[in-house]
Amino acid sequence: MQLRVLAGACLATMLNITVSGVAAAQDLYLVNGRIVDPATRDVRTANLLIRDGVIVGEQAEPPAEFSGDRIDITGKWVIPGLNDLHTHSYGNMAPGRVMDGVGTAAVAQRALYAGVTGFLDLFGLEQSMFELRRRQRAGEVGGADLFASLSCLTATNGHCTEYGIPTRTMDTPEEARQHVRELVAKEADVIKIVYAPTGRMPSIDRATLEAAVATANELDVRTIIHVSTWDDVRHAVAVGASAVTHVPFGPIPPDLASIMAAQRVYSIPTLAVELDYLDFVTDSTVLNAVLARSLTTEEVLDAYRAAERGARLERLRTARPTVLQSVKAMHDAGVPILLGTDAGNFGTLQGYSVHRELILLVEAGLSAWDALAAGTTRAGEFMRRPWGVSPGDQASLIVLDASPLENIRNTQRIALVIHRGTFVDREALERY
């Protein structure tokens with residue numbers, strides 16, 4: 001058994017790993033890493049044994065018959081792979097209609113480069129999403145794990161219909177029940193519903209929302225409700241929704257966070273899409289980060305650098321403190337917070353915005369532990385997936401050069417990524 005020393009991005013090449021397609025899970029023995037466990041909130045120095053894409057346990061020595069790769073990660077920090085639970089994975093959009101619409105398959109590869117080992121697409125081309133997910137789960141294509149709502153359930157001419165992409169519309173409880181049953185039959189990972197009755201576009205009414213949520217609950221599928229106001233949140237909670245996504249501008253009502261917590265309704269704040277446009281345009285360090293420049297084109301980055309300053313930026317600057325305070329109020333009340341970026345919209349970059357969301361969650365007042373859990377173990381709890389660093393968990397991990405607990409920005413200091421027990425060749429992924 002040969003002892004190999006970690007050497008950054010060269011490691012995957014040294015191990016002859018192929019990631020453009022789907023590589024078989026390897027037997028791995030990671031030696032002397034600092035294991036950061038968001039589930040138990042402890043850091044322990046240990047050796048991790050990985051077999052068949054699963055963490056077997058922490059062992060002083062590998063089994064006698066072990067013939068896999070033994071990797072020395074002394075001085076490195078190991079966290080579970082990150083997960084984005086709200087994205088639209090066609091690519092990136094910037095001011096001036098500048099786009100790098102590379103598509104979901106390429107975004108899945110970019111995500112791995114960024115240490116994002118799973119993502120939940122909450123609206124795209126239904127049949128294309130269904131087929132790509134089928135091929136990925138059959139082992140025909142690679143990339144970060146794709147989860148999908150497959151479609152967006154909304155009112156006729158409601159939000160999601162404006163993008164020129166076919167979506168499912170419903171205006172009655174009967175139509176809601178039918179669409180939910182059909183999506184569950186296609187194994188939608190969650191049901192995405194738009195509910196914004198006081199918004200600028202048509203919305204389903206509360207009876208239709210209640211029928212959709214009740215049907216999904218009967219079929220044991222999570223629901224995520226797109227909301228615009230705190231009243232929308234209140235109604236979603238009242239009908240039994242699993243999660244709400246976005247943080248309405250304006251202060252959260254004093255009683256609402258405790259009601260959400262009592263009903264165990266998750267919040268996916270999507271702070272990146274709500275606030276980060278301001279930093280993209282005004283703070284040059286944000287888009288000059290190595291990870292940002294590795295995940296999109298210079299044309300996209302230049303479009304943000306050249307964007308006009310104006311009323312939109314002032315509105316975001318004014319709203320920022322209240323939005324962050326609302327997230328803190330939910331967290332303090334016991335509302336479980338999940339990491340989601342709404343990437344695909346202005347002010348986001350696929351993969352990179354996951355790390356920006358972590359920064360914003362900490363800015364809102366969450367601890368580094370809580371922010372990490374939002375994209376790892378707590379995300380796994382919501383998606384019913386074993387996303388952690390314990391025995392039996394999926395061996396999707398990030399090895400970092402510095403502690404994310406000391407500074408949450410250190411999640412960007414990626415030494416290597418392991419996806420389902422296989423080393424990711426990050427150099428090869430840069431072409432995506």
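I take the expected span of a helix as 1.5 Å times one less than its number of residues. The model I am reading is predicted.

**Helix α12**

I looked up α12 and found that it covers residues 311-333, 23 residues in total. From first C-alpha to last it reaches 33 Å, close to the expected 33 Å. I then checked for a bend. There is one of about 40 degrees at A319, and the proline P321 follows within four residues.

Which residues of α12 are buried? I listed L313, L316, A319, R320, V323, L324, S326, V327 and M330. The elements that cover them include α6, α7, β17, α8 and α13.

**Salt bridges**

I turned to charged side chains next. R320 of α12 is buried, and a network of salt bridges links R320 with D276, D279, R356 and E363. The whole structure holds 31 salt bridges.

I looked at D401 and K76, whose side chains meet at 2.5 Å, N to O. D401 lies in the loop between β18 and β19 and K76 in the loop between β5 and β6, so the pair ties together parts 325 residues apart in sequence. D401 counts as partly exposed, at 32% relative accessibility.

D100 and R110 form another salt bridge, with their closest N and O atoms 2.7 Å apart. Here D100 sits in the loop between β9 and α2, and R110 in helix α2 itself, so the parts tied together are 10 residues apart in sequence. Is D100 buried or exposed? D100 is buried, with a relative accessible area of 6%. R110 is buried too, at 5%.

Terms used. Residues numbered from 1 in each chain as written. Predicted model: local features only at pLDDT ≥ 70, side-chain atom pairs only at ≥ 80, totals over all residues. Heavy atoms only, no water. Helix = DSSP H or I, 4+ residues; strand = E, 2+ residues; numbered from the N terminus. Bend = angle between axes of the 7 residues up to and from the residue. Buried < 20%, exposed > 50% of the residue type's maximum accessible area, 1.4 Å probe, protein only. Contact = heavy atoms within 4.5 Å. Salt bridge = Lys/Arg side-chain N within 4 Å of Asp/Glu carboxyl O.
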